[in-house]
Amino acid sequence: MSGFLKHGLICLLVLCATGLFLGFGNDITLSDKKGVHLPMPLELRGWKGKPISYCHDPVCYRKVPQVDREAEGCQYCGKEVFQVNFGEKMILSADTEFYKTRYDRRDGVQIESGITLCGKDRSSIHRPEVCITSQDWEIMYQETVQFDIPGREPLSVRVLDLTNKQEGKEDQHTYYAYWFVGSGRETADHMQRILWMASDRLLKGLSHRWAYVYLQGDRDPRTREHIEQLGDLLSELVPAVSGS
Ligand SMILES: [Zn+2]
């Protein structure tokens, strides 16, 4: 199929999916079913987790990883802290749930992971590429990786290798990995999720609470070690957060 035809077909599918959302939105049952078990675990074999919190104070306004966020508040200004950053809070509906955890491995490898769970407004989840490239990060390479997970079929995860180049500064190399989870469904493909959401609405009159899982960390641009690190964490994390 030519690139133009393929593009046309994809556009048509998007239009159909959008039409389904708009046209059948009135008789939809909002299901509370979800495909993730929360909150995120802090104890995993080989990894130790700490909840990540954000201060919303306009003066302070910085990322504050804390162990006991409920009791301590922001360590800089003492005000209340949240698991959602200020920008996300402004954009997303109030009943969207957020869980963010920083996982540390004994050898110093650090991976941040988070799960965003839709509330009643099912549009809280979007394609991450849009946000990433608007924050000066360039996608150097991307692929869908199959990770072995004990006791189940391999998990497909979209992995983006990112680089931030700024004049006078050393290049920063990170990665961003993600997939989507619905009730009994998971995919690393944004378009697949949109089509599933549309078909569930149309054929079953149902709208499930989809969740979005991400992992991010630093990478060495000369190696693919970060894929091994991701696989190591995912083999422990995925069984712990699977199920409703
Ligand atoms: Zn503060």
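Just after helix α5, G205 takes a positive phi of about 65°. Helices here are DSSP runs of H or I with at least four residues, strands are DSSP runs of E with at least two, and both are numbered from the N terminus. The model is predicted, so local features need pLDDT of at least 70 and side-chain atom pairs count only at pLDDT 80 or more, while totals for chains, interfaces and linings use all residues. Residues are numbered from 1 along each chain as its sequence is written.

**Helix α5**
- Helix α5 covers residues 190-204, and its end C-alpha atoms are 21 Å apart, which agrees with the 21 Å that its 15 residues should span. That expected span is 1.5 Å times one less than the number of residues.
- R193, I194, M197, D200 and R201 are the buried residues of α5. (A residue is buried if 20 or more other C-beta atoms lie within 10 Å of its own, exposed if 12 or fewer, and partly exposed in between, with C-beta atoms placed from the backbone.)
- Seen down the axis of α5, these buried residues fall within an arc of 130°, so they line one face of the helix. The arc is that of the directions from the helix axis to the C-beta atoms.

**Strand β9 and its partners**
- Strand β9 (residues 155-164) is mostly covered, with 7 of its 10 residues buried.
- Strand β8 (residues 138-147) runs antiparallel to β9, joined by 9 bridges; pairing requires at least two DSSP bridges between two strands.
- I139 stands opposite L162 in β9.
- Strand β10 (residues 172-182) also pairs with β9 in the antiparallel sense, over 7 bridges, and R158 stands opposite Y178 in β10.

**A loop residue**
- T96 lies in the loop between α3 (86-91) and β6 (97-105), and T96 is buried because 20 other C-beta atoms lie within 10 Å.
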